[in-house]
Amino acid sequence: MSIELPEPRSLWVETAPAPDRGGRDLPAEADVVVIGAGIAGLTTAYGLARAGRQVVVLEAAEVASGVSGHTTAKLSAQHALKYATLTSRKGRQAATRYGRAQLEAIEWVARTSSELGIDCGFVRRDSFVYSTDTAQLGKLQQEAEAAAEAGLPADFVEHVDLPITTVGAVRFVDQAQFHPRRWLLGLADAIEQLGGRIVERVRARKLDERPTPTVHTDRGQVKARDVVVATHYPIFDRGLYWARLDITRDLVVAGDGQAPPGVYLDAVTHRSIRGHTEVDRHYVIVGGEHYRTGEPVDVEARYRRLAEAAATFGVTKATHRWSAHDMTTLDNVPYIGRYHPATRNVWVATGFGQWGMTGGTSAGLVLTQLITGGDHPAASLYDPNRFDLKSSVTLAEDGVKVGKQYVTGYSRALTATPDDLAPGTAKVSRRGADVVASYRGEDGQLREVSARCTHLGCVVAFNNAEKTWDCACHGSRFATDGSVIQGPATRPLPPA
């Protein structure tokens, strides 16, 4: 069944209009500056505001319009086949701490949304990781056992209520789902009621840590006792995060249909299924088809494959499609804590590995404790400055990937043809000593910018679905006019 695809837009962003917080002045100083108004940044800001800190949140776009507004929005401690690997690599205690931190995040959202009266569609759902491949049966059973031993509400089930034949699944009972942007807009209102300030459309460009932490933006500077970098990809080049994070994009298609009763993930293909009700309209939300950000792949074709998969689960008409940016750490445990070993006042939250709803919430709860002088049981597990031998091997492998992307990007530019571009198409080519990214809009206008990413100089590739220039080295994304969409780049691609 062929399903026509709409222009890319997020269901969450479209159904939750937000007030304009862009025309506000920057204060000269604050107790804490939080950079990034996604789920990690706003959870941290709310916790610190409740603790009596004077908080300023800086957001380059709008509240919850980035990664947190482009998710499948599952609230689950079931993170694919996580716990068997985590137990094997770090021990049962680490798996237990990780699992408890994710469950704590779910319960905190449930409790806080009720206390604040935020109508964010929070509902309980059982969560399943299933497979159609008999070769995966042993892994599913092993995962169920490891998760149960870690204290999670997990078991193995043979039957899954899906319109496909499965060999079994790991079930986590009493997990949840919600409307992420409504939740975060409510949290933003609560921060402001506590005296915090949120300023949109201001981009942080530089951070001085001494003598007083100072965030330099395109609209001035703010001094603070503490700075929290919650920009999904850490935007300041220190701590080697650019070398310790792997970048992917996941695609999502939503459409009219009646979803099955739980939330589901295929253990092999990583296709995700859940439902959502908006007033009296029912949606099926299907995610997957992930790829490394910036790879020169046919993103439109991947969306079409995902739409075909959505038809299997009852979608007859696609109403929305969007993509999410994901970061994975070397050992698949987030980096939450001090930004680098030498700092005392700069903090980071990143690397949630496709599970940012509980991961980002957990980050906010942990950082609130650390910044206010307390501790958290998962703090040592999340420590961004941890090291193990296996991670060093992964780091070397990722370095090879980045080097390959750097070389192949320039090679593609050398072999690109200089043919005239048709409307809606793009190319990267050499022009003398320059590498140029050219895009011709549907209106026929030609836009040309430098193809060298302003982060570390890798060559960008065109995303033919979102109409963006994406960097495969470290995940920066740019609009066709060169403006920054996502970091770590903070400067636009200059005109060619």
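These legends walk through several close-up views of one predicted model.

Residues are numbered from 1 along each chain as its sequence is written, and side-chain values use heavy atoms, with hydrogens and water left out. Because the model is predicted, local features need pLDDT of at least 70 and side-chain atom pairs count only at pLDDT 80 or more, while totals for chains, interfaces and linings use all residues.

**View 1. The largest nonpolar core has 79 residues.**
A nonpolar core here is a set of buried Ala, Val, Leu, Ile, Met, Phe, Trp, Tyr and Cys residues joined through side-chain atoms within 4.5 Å. Buried means under 20% relative accessible area, exposed means over 50%, and partly exposed lies in between (1.4 Å probe, protein chains only). Look for Leu-42, Tyr-83, Phe-178 and Trp-183, which have the most contacts inside this core. What does Phe-178 touch, not counting residues up to four places away in sequence? Its neighbours include Trp-12, Ile-39, Val-109, Phe-122, Trp-183 and Met-357, where contact means heavy atoms within 4.5 Å. Apart from this core lies another, of 27 residues, with Val-56, Val-215, Val-222 and Val-348 among them.

**View 2. Helix α2 (residues 39–50) is mostly covered.**
Helices (H or I, at least four residues) and strands (E, at least two) are DSSP runs, numbered from the N terminus. In α2, 11 of the 12 residues are buried, including Ile-39, Leu-42, Tyr-46 and Leu-48. The expected span of a helix is 1.5 Å times one less than its number of residues. For α2 this gives 16 Å, and the end C-alpha atoms are 16 Å apart, which agrees. Just after the helix, Gly-52 takes a positive phi of about 95°.

Is Thr-368 buried or exposed? At 12% relative accessibility, Thr-368 counts as buried.

**View 3. Strand β6 (residues 168–177) pairs with β3, β4 and β5.**
Strands of a sheet pair through backbone hydrogen bonds, either parallel or antiparallel. Two strands count as paired if DSSP finds at least two bridges between them. Strand β3 (residues 74–75) pairs with β6 in the antiparallel sense over two bridges, and Lys-74 stands opposite Gln-177. Strand β4 (residues 123–131) is also antiparallel to β6, with eight bridges; here Ser-131 has Gly-168 as its bridge partner. Four bridges join strand β5 (residues 154–157) to β6, again antiparallel, and Ala-154 stands opposite Phe-172. Strand β6 is mostly covered, with seven of its 10 residues buried.

**View 4. Three strands form an open sheet in the order β18-β19-β20.**
The pairing in this sheet is antiparallel. Why is one side of β18 and of β20 left without a neighbour in the sheet? Strands β18 (425–431) and β20 (446–450) stand at the edges, each with a single partner strand, so one side of each has no neighbour there. The twist averages 25° from one strand to the next, using axes that are lines fitted to C-alpha atoms (for helices over the stretch in contact) and angles from 0 to 180 degrees between N-to-C directions. Seven bridges join β18 to β19 (residues 434–440), and Lys-427 stands opposite Ser-438 in β19.

**View 5. A disulfide joins Cys-458 to Cys-473.**
A disulfide is a pair of cysteine sulfur atoms within 2.5 Å. A search of the whole structure finds one, with an S to S distance of 2.1 Å. The torsion about its S-S bond is about -90°, so the disulfide is left-handed. Cys-458 lies in the loop between β20 and β21 (460–463), and Cys-473 lies in the loop between β22 (468–471) and β23 (477–479), 15 residues apart. Both cysteines are buried. Now find Cys-453, whose sulfur is 4.0 Å from the closest cysteine sulfur, in Cys-471, too far for a bond. Cys-453 is buried at a relative accessible area of 5%, and Cys-471 is buried at 2%.

**View 6. Pro-377 sits in the loop between α9 (356–371) and α10 (379–382).**
Pro-377 counts as exposed, at 59% relative accessibility. The C-alpha atoms of Pro-377 and Val-279 are separated by 40 Å, and these residues are 98 residues apart along the chain.
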